[in-house]
Amino acid sequence: MSDEMTHGQRPGAVKSDVILDVQDLKVHFPVYGGFRQREVGAVKAVDGVSFQVHEGETLGLVGESGCGKSTTGLAILRMLPITSGKIVFEGVDITKHDQRQMRPIRRRIQMVYQDPFGSLDPRMTIGDIIGEPLEIQKLHGNKAGRRARVMELLKTVGLRHDMIDRYPHQFSGGQRQRVSIARALAVEPRLLLCDEPVSALDVSIQAQVVNLFQELQEELGISMIFVAHDLAVVRHVSQRIAVMYLGTIVEISTRDELYANPKHPYTQGLMTAIPVPNPVVEAGRSHQTIEGEVPSAQRPPPGCRFHPRCRHAMPICKEQTPELLPQGYGMVACHLFT
Ligand code: SF4
């Protein structure tokens, strides 16, 4: 094992099949104000998040806009400064890694972004876009070797070989996202961080791309964090799901348990937003949607952060922050279960 691999390892603390261990992660952005532009507060975008991702597993990270799910992803890649907490990837504590130390890690953790058009250089052919990371990392030998690998990747993501010399504008949104996925897979990462990868696509195309992620996971055994703002999208691709609200995880459970028996009132609210394909069943459902807006992450409500929007709020909810405690197959942070 290299020095890189042994640096920062916690013997016995991480199970062998855990490839990512996020511990009490906090990402706070300072807020400046006044005449002298002094620090007057902080936006607590991520405020004490802990979870693990296992080998070959997809963890869905779900919540409304502003809940901190994308910030969590960027912090794992060390693209944002971490306020406190710990990130252990493949047994290595990468929390304090500088940009040089992160270079080999970034090959192992690849990102798929929300906007496939914005993340692809319009002046490059698809072959060059997918082949670029191979060239940078000096993989698959010469130009012919890299081109052969790009052909293979096009097939993996369901695109034709003859598309290799086309440009991004010649593709549909769904095809462009397939190109982004091929580029991310080129360097054979262990973990894919997918940040709302289907939310910019038409609903009819979303299902195809979600299916592709599912197939890739089954065929390549890759681990994924799949960030989305609604539970319908992550349902088919995730084995476990973490629900985030205002910078914290309020419920984390197996996919089947979460959909069959959502416990946290916020999870229940997200669940009612999922339409049922049967119009008769849909008409008879009660839609107890979540009312109100997400409060400011600069001044989160005291106690349970969800209490101003919760139908079950009790006096204790305004005073004490509920801990994330084991409940059934998962964990829930709610005073209804303490
Ligand atoms: Fe609602 Fe209280 Fe549970 Fe928060 S702790 S979700 S306010 S019941």
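Which residue in β2 is the bridge partner of Lys-26? The points below take up this residue and then the rest of the predicted model.

1. In β2 the bridge partner of Lys-26 is Asp-47, and in β4 the residue that bridges to Lys-26 is Ser-84. Leu-25 has its own bridge partner in β2, namely Val-49. Strand β1, which covers residues 18-33, runs antiparallel to β2 and is joined to it by 13 bridges, while the pairing of β1 with β4, also antiparallel, extends over five bridges.

2. These strands belong to an open sheet of four, ordered β2-β1-β4-β5, in which the pairing is antiparallel. Because β2 (38-54) and β5 (92-93) each have a single partner strand, they stand at the edges, and one side of each is left without a neighbour in the sheet. Helix α2, formed by residues 69-76, packs on this sheet and touches β1, β2 and β4 (84-89), with its direction at about 110 degrees to that of β1.

3. The hairpin of β1 and β2 has four residues between the strands, and in this hairpin Gly-34 adopts a positive phi near 80 degrees.

4. A further open sheet contains eight strands in the order β6-β7-β8-β3-β9-β10-β12-β11, and its pairing is mixed. Here β6 (109-112) and β11 (325-327) are the edge strands, and since each has a single partner strand, one side of each is left without a neighbour in the sheet. Averaged over the sheet and with direction ignored, neighbouring strands are turned by 25 degrees against each other.

5. Leu-61 has Val-227 as its bridge partner in β8.

6. Two helices that pack on this sheet can be described together. Helix α3, residues 99-108, touches β6 and β7 (191-195), and its direction makes about 60 degrees with that of β6. Helix α7, residues 203-220, touches β3, β6, β7 and β8, and its direction makes about 160 degrees with that of β8.

7. Turning to the ligand, the space that it takes is the largest cavity. There are 13 residues around the ligand, of which Cys-304, Cys-310, Cys-317, Cys-334 and His-335 come nearest. Sorted by class, the shell around the ligand comprises nine nonpolar and four polar residues, with no charged residues.

Terms used:
Residues are numbered from 1 along each chain as its sequence is written. This is a predicted model: local features need pLDDT of at least 70, side-chain atom pairs count only at pLDDT 80 or more; totals for chains, interfaces and linings use all residues. Side-chain values use heavy atoms; hydrogens and water are left out. Two strands pair if DSSP finds at least two bridges between them. Axes are lines fitted to C-alpha atoms, for helices over the stretch in contact, and angles run from 0 to 180 degrees between N-to-C directions. Contact means heavy atoms within 4.5 Å. A residue is near a molecule or strand if one of its heavy atoms lies within 4 Å of it. On a 1 Å grid over the protein atoms alone, a cavity is a set of points where a 1.4 Å probe fits but cannot get out, and a pocket is an open set with protein on both sides within 12 Å along at least five of seven lines; lining residues have an atom within 4 Å of a point. A molecule sits in a cavity or pocket if more than half of its atoms lie within 2 Å of its grid points. Ala, Val, Leu, Ile, Met, Phe, Trp, Tyr, Cys and Pro count as nonpolar, Asp, Glu, Lys and Arg as charged, and the others, Gly among them, as polar.
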